[in-house]
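Here is a short briefing on one protein chain. Look over the sequence and the structure first, then read the notes by topic.

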Amino acid sequence: MTSYRVALSPTLLAEVEDFLTDRGTHGIEGTGLVACTRSEDDSWVARSFIAPEQRAHRSGSGCWVEVTDAGKRQLAAALRSGERYLVRIHSHPGEAFHSATDDRNPALTFIGALSVVVPYFGLGLRRGLDACAVLRLTTAGWQPVDGDRRAWLRAGTAWESAC
């Protein structure tokens, strides 16, 4: 699977924003995966955002989250027949970029997977998708899809209106 388009609804995006900004009010990052089903036109529709159990860590060199073993089981149990996790959405405390930690600890590892990095502990979603880093996993690693975002990710009203 290397070519697809994922549609995210405004309701799902609001759920993501609520989760990430709630975590951000505590000065911590958050992460989750988007479960998708294939539509008739061969694109994918996001069904749910799964925020598994996770532990936040902070140190002098930064902050990160770790999905616990229980969280990994939650992710496995939440996926229904015919669904796939195609998108990881996670927050960073500052600017949106794919960090070396993100590269070393990928939640999705198949070619074509998407990663959305939301800046400012989730507050970046208020500024739309352009405030976020959107990357796609290729054989050369995670690559930005800046000029080609809508070819991979179509977002609900709140994100698309800011694009």
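Which residue in β9 is the bridge partner of Arg-136? The partner is Gln-143. The model is a predicted one. Its protein chain has a mean pLDDT of 86.

- Strand β8 spans residues 133-138 and is mostly covered, with six of its six residues buried.
- In a regular strand, side chains alternate between the two faces of the sheet.
- In β8, Ala-133, Leu-135 and Leu-137 point one way.
- Val-134, Arg-136 and Thr-138 point the other way from β8, and they are buried too.
- Strand β7 (residues 114-118) runs antiparallel to β8, and four bridges join the two.
- Ser-115 has Leu-135 of β8 as its bridge partner.
- Strand β9 (residues 141-144) also runs antiparallel to β8, again with four bridges.

**Aromatic pair**

- With centres required to lie within 6.5 Å, the count is one aromatic pair.
- The pair is Phe-19 with Phe-49, whose ring centres are 5.8 Å apart.
- Their planes meet at 55 degrees, so the pair is tilted; edge-to-face would need an angle over 60 degrees.
- Phe-19 belongs to helix α1 (residues 10-24) and Phe-49 to strand β3 (residues 44-50), so the pair ties together parts that are 30 residues apart in sequence.
- Phe-49 has a relative accessible area of 5% and is buried.

**Annotated domain**

- An unreviewed UniProt entry places the feature "domain: JAB" at residues 23-107.
- In the model, the span of residues 23-107 is 20% helix and 42% strand.
- The end C-alpha atoms of that span lie 19 Å apart.

**Confidence**

- Of the residues in the protein chain, 91% reach a pLDDT of 70 or more.
- Confidence is highest in helix α2 (residues 69-78), at a mean of 97.
- Helix α5 (residues 157-161) has the lowest confidence, at a mean of 40.
- Across residues 157-163 the pLDDT is below 50.
- That stretch has 17 contacts in the model beyond near neighbours in sequence.

How values were computed
Residues are numbered from 1 along each chain as its sequence is written. This is a predicted model: local features need pLDDT of at least 70, side-chain atom pairs count only at pLDDT 80 or more; totals for chains, interfaces and linings use all residues. Side-chain values use heavy atoms; hydrogens and water are left out. Rings of Phe, Tyr and Trp (its six-membered ring) pair if their centres lie within 6.5 Å; planes under 30 degrees apart count as stacked, over 60 as edge-to-face and the rest as tilted. Buried means under 20% relative accessible area, exposed over 50%, partly exposed in between (1.4 Å probe, protein chains only). UniProt positions are given in the numbering used here, feature names are shortened, and annotations may be inferred rather than shown by experiment. pLDDT is the predictor's confidence in each residue, from 0 to 100. Contact means heavy atoms within 4.5 Å. Two strands pair if DSSP finds at least two bridges between them.
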